Amino acid sequence: MTGNETANQSPEQPRSQSPAHKRDLTRRKVVVVGGAAVAAVGVGGGLAASAFADGATPTAPGRSKASAGETCYTLTSETTEGPYYIDADKIRQDITEDEEGIPMTLTLKVIDSETCKPVRNAAVDIWHCTALGIYSGYEAMGSGGGGGGGAPTDAPSGTPTDTPSGTPTGEPPSGAPSGGTGGGHSEPTDDERYLRGTWKTDKRGYVTFKTVFPGWYQGRCVHIHVKVHVDGTWTDAGYEGGHTCHTGQLFFDEKSVLASAAVTPYSTNTTTRTTLTEDTIYPQNGHEGGLLYLDYDKKRIAKGVRAHLTMGVAPDETHDSTDTQPSASASASASS
């Protein structure tokens, strides 16, 4: 792969899917902030697919570099990895496979939080559940109502509301995906790998994925997991060496989730939904905490969604936690 690849320039795919990351227990702080809104929804319904094919990227905010003593973006805490990460298993941009759902393109820009310069050639992992709350590789743990992938026979039907009743409290039931509630890593139960992928940032720090809008499961709001790896080497075997400089999650506003819940197959997911404000992982601090910028036709979300965010990281630090607990943001605003 080369550093200036964009979404419509697919390099030769690596043959191996087993990178080896150098890891330690050093903690770091990361910054996450959104860019300006992306282009308006296209005509006809090819929004997500055409955006991916065009390699379109949003314009990121901020300065090209930081003056001495200045901070590029607001700092926020890392979030937990959750138990269902599979290390750089699929080197690809299109992670959809045959999963049903609202088409979505996700564009992330990775920058150095000290210099505001793009972090090029980084390996970015994303993974998330299906419209019915199932994680690939862990289908056995997502069966039944507790995992969100098929409700119990006596479960109520209907679309979730802003304030769902019976909001779960405490730990998720045994076998249910926690998606980030700690508890260490769980070994995969099957060979499925849909809705997972790793790709390289280009010379401007951008990486774009094609996927579907995530669903939900008991105990968590709608979210996407993300990791950023740096200082490794891209080879025919994939991404090798280096270390993980960011482990986090990306979130969706309630309006978009409610709109998605009216669309099949999301509308068949009768698992009680946790809202963004009820979630124990989301730090409740807007785009600083991973809340995505979204663009879609408000009356026809089924046609597709574009999502984007700028993530500022500390490339020389390491964060590869599997048990980090959520904490409130103690960050200050960026210098003007």
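Is C129 buried or exposed? With a relative accessibility of 2%, C129 is buried, where buried means under 20% relative accessible area, exposed over 50% and partly exposed in between, for a 1.4 Å probe and protein chains only.

The model shown in these views is predicted; local features need pLDDT of at least 70, side-chain atom pairs count only at pLDDT 80 or more, and totals for chains, interfaces and linings use all residues. Residues are numbered from 1 along each chain as its sequence is written, and side-chain values use heavy atoms, with hydrogens and water left out.

**View 1. The chain as a whole contains two helices and 10 strands.** Helices (H or I, at least four residues) and strands (E, at least two) are DSSP runs, numbered from the N terminus. Along the sequence, these elements follow the pattern β-α-β-β-β-β-β-β-β-α-β-β. The chain has 336 residues, of which 52% count as buried. Contact means heavy atoms within 4.5 Å. Of the contacts between residues at least 6 apart in sequence, 85% join residues at least 24 apart.

View 2. A disulfide is a pair of cysteine sulfur atoms within 2.5 Å. By that rule, the number of disulfides is zero.

**View 3. The largest nonpolar core has 45 residues.** A nonpolar core is a set of buried Ala, Val, Leu, Ile, Met, Phe, Trp, Tyr and Cys residues joined through side-chain atoms within 4.5 Å. The residues with the most contacts inside this core are L108, V124, F213, L250 and F252. Two or more residues of the core come from each of β3 (103–112), β4 (123–127), β6 (206–212), β7 (223–235), β8 (238–251) and β10 (305–313). Another core, of eight residues, lies apart from the largest one and includes Y84, I86, W127 and Y135. In soluble globular proteins, nonpolar side chains tend to be buried together.

**View 4. V124 is shown with its contacts.** When neighbours within four places in sequence are left aside, the residues in contact with V124 are L108, V110, G197, T198, W199, T201, V207, F209, V226, K227 and V228.

**View 5. Four strands form an open sheet in the order β5-β4-β7-β8.** The pairing in this sheet is antiparallel; two strands pair if DSSP finds at least two bridges between them. The edge strands, β5 (196–200) and β8, each pair on one side only. From one strand to the next, the twist averages 20°, with axes taken as lines fitted to C-alpha atoms (for helices, over the stretch in contact) and angles running from 0 to 180 degrees between N-to-C directions. Strands of a sheet pair through backbone hydrogen bonds, either parallel or antiparallel.

**View 6. The strand pairs of the open sheet are shown one by one.** Five bridges join the antiparallel strands β4 and β5, and D125 stands opposite T198 in β5. Strands β4 and β7 also run antiparallel and are joined by five bridges; here W127 stands opposite H225 in β7. Between the antiparallel strands β7 and β8 there are 12 bridges, and a hairpin connects these two strands through two residues.

**View 7. K227 is a buried residue with a relative accessible area of 0%.** K227 belongs to strand β7 and stands opposite T247 in β8. A polar contact is a pair of N or O atoms within 3.5 Å; within protein, one must be able to donate a hydrogen and the other to accept it, and residues adjacent in sequence count only if both atoms are side-chain atoms. The side chains of K227 and T247 are joined by a polar contact of 3.0 Å. A further polar contact, of 2.7 Å, links the side chain of K227 to that of D320.

**View 8. H243 lies in strand β8.** H243 has a relative accessible area of 5% and is therefore buried. Its side chain reaches the backbone oxygen of P315 at 2.7 Å. The side chain of H243 also reaches the backbone oxygen of E317, at 3.1 Å.

**View 9. G304 is found in the loop between β9 (293–295) and β10.** This glycine, G304, is buried, with a relative accessible area of 1%. G304 and F213 are 91 residues apart along the chain, and their C-alpha atoms are separated by 8.6 Å.
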